[in-house]
Amino acid sequence: MVTNITNLGRSGLSDWLLQRVSAVVLALYTLFIVGFLLLSPGLDFAAWSGLFSQTWMRIFSLLAFISLAAHAWVGLWTVTTDYLKPTGIRVAAQLIIILAIFVFLVWGIIVLWGA
Amino acid sequence: MSKLQVSLYRYNPETDSAPYMQEFQVDTQGRDLMVLDVLHLAKEQDNGLAYRRSCREGVCGSDGMNMNGKNGLACITPLSEVVKGNKLTLRPLPGLPVIRDLVVDMGLFYQQYERIQPYLQNDEPAPAIERLQSPEERDKLDGLYECILCACCSTACPSFWWNPDKFVGPAGLLQSYRFLADSRDMATSERLAELEDPFSVFRCRGIMNCVAVCPKGLNPTRAIGKIREMLLANAT
């Protein structure tokens, strides 16, 4: 058993499952957005804003943002443990990544509900 | 018939400041020799050359090395399988410390093997004759027990290169699953508890280098997938 405290789920199994579930959510969200763009020629601000004013779209987007945050945390945490060997640099990089993910998530929520 | 160009990795830490490649011309007399035979011929030219070998028939797992970029056992790899353009380059297994020439320090590899407790654990009183298995239970061990611990797979795995102290590696995980799958082993939950952290099993990215190089044709990636399934079934 190898101990870790900066990975998202504190367990390799939960990180692994989260990574897969979040990937499915992100794939569905991407397909939806691409499909919406393809099926809306001459898209204007009103239609785009109208889409995001609906509650279900906000919830779907929030789910996608949370999935992106979790996915990025698990993935980048893995990258840092592979390639950053000095502990100080690794922990600093992990904290910066986690803080950035937090900021982007809050920012996304403000954008979704701020309009 | 031109001679085979053989490029050998040489390093003697007592006399060399850095490893270097030494060129040999080996006369194969047109025969499709095994790579190990070529090493013997090169050693006749320079008997300071160091490499491990023992059974010379793919059973002992001593002569794992990197041949023209791919890990394998020198004794069962014919030249026709690896040589391109009459040139053969031999290097030690990647990722492990070199002791001398083609001999690597297998300490980290064995440490991971030891960690998975590669022995049957059963606290029940032993029956008078033996612990029986059904033919179906025995079938589950096929493709698992044949591993000879040559380290070709683990030293072909980037996840093992970056974290050899934490990631068990394909060889160790294949053996781990060999005991997880054994109907006579009673330590399944303890074994699984040892493996659920982000490194031991889950550092595997499924690139299947292990499957590509295994000289015994085994499939560690499949065993790792089975361990993941057992962990998931156990924890959800």
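Biologist: How many residues of domain 1 of chain B are in contact with domain 2 of chain B?
Modeller: 14 residues of domain 1 of chain B do that, and they meet 14 residues of domain 2 of chain B. Keep in mind that this is a predicted model.

Biologist: Which element gives the most on the domain 1 side?
Modeller: Strand E4 of chain B, residues 70–73. That strand puts four residues into the side of domain 1 that touches domain 2.

Biologist: And what's that side like by class?
Modeller: The side of domain 1 of chain B that touches domain 2 has seven nonpolar residues, six polar ones and one charged one.

Biologist: Okay, where do the two domains of chain B run?
Modeller: Domain 1 covers 4–104 and domain 2 covers 107–235. Going by C-alpha atoms, their centres are 29 Å apart.

Biologist: Let's move to a helix. Which residues of helix H3 of chain B are buried?
Modeller: In H3 of chain B, which spans residues 107–115, the buried ones are B:Phe109, B:Gln112 and B:Tyr113.

Biologist: Why do they end up on the same side of H3(B)?
Modeller: Because they cover an arc of only 105° around the axis.

Biologist: So what's on the face turned away from the buried side?
Modeller: There you'll find B:Gly107 and B:Glu114, and both are exposed.

Biologist: What covers the buried residues of H3(B)?
Modeller: The cover includes helix H6 of chain B, residues 169–180.

Biologist: And what follows H3(B)?
Modeller: B:Gln117 does, and its phi is positive, near 50°.

Biologist: New topic: how many residues of chain A are in contact with chain B?
Modeller: 10 residues of chain A, and they meet 13 residues of chain B. Helix H1 of chain A, residues 12–38, gives the most to the chain A side, with four residues.

Biologist: Last one. What does UniProt list for A:Tyr83?
Modeller: The UniProt entry, an unreviewed one, lists A:Tyr83 under "binding site". In the model, A:Tyr83 is found in helix H3 of chain A, residues 55–83.

Biologist: Is A:Tyr83 buried or exposed, and why?
Modeller: A:Tyr83 is exposed, because it has 10 other C-beta atoms within 10 Å, and 12 or fewer counts as exposed.

Key. Residues numbered from 1 in each chain as written. Chains lettered and ligands numbered in written order. Predicted model: local features only at pLDDT ≥ 70, side-chain atom pairs only at ≥ 80, totals over all residues. Domains from an automatic or database assignment. Contact = placed C-beta atoms within 7 Å. Helix = DSSP H or I, 4+ residues; strand = E, 2+ residues; numbered from the N terminus. Nonpolar A, V, L, I, M, F, W, Y, C, P; charged D, E, K, R; others polar. Buried ≥ 20, exposed ≤ 12 C-beta atoms within 10 Å, placed from the backbone. Arc of directions from axis to C-beta. UniProt positions renumbered as here; feature names shortened; annotations may be inferred.
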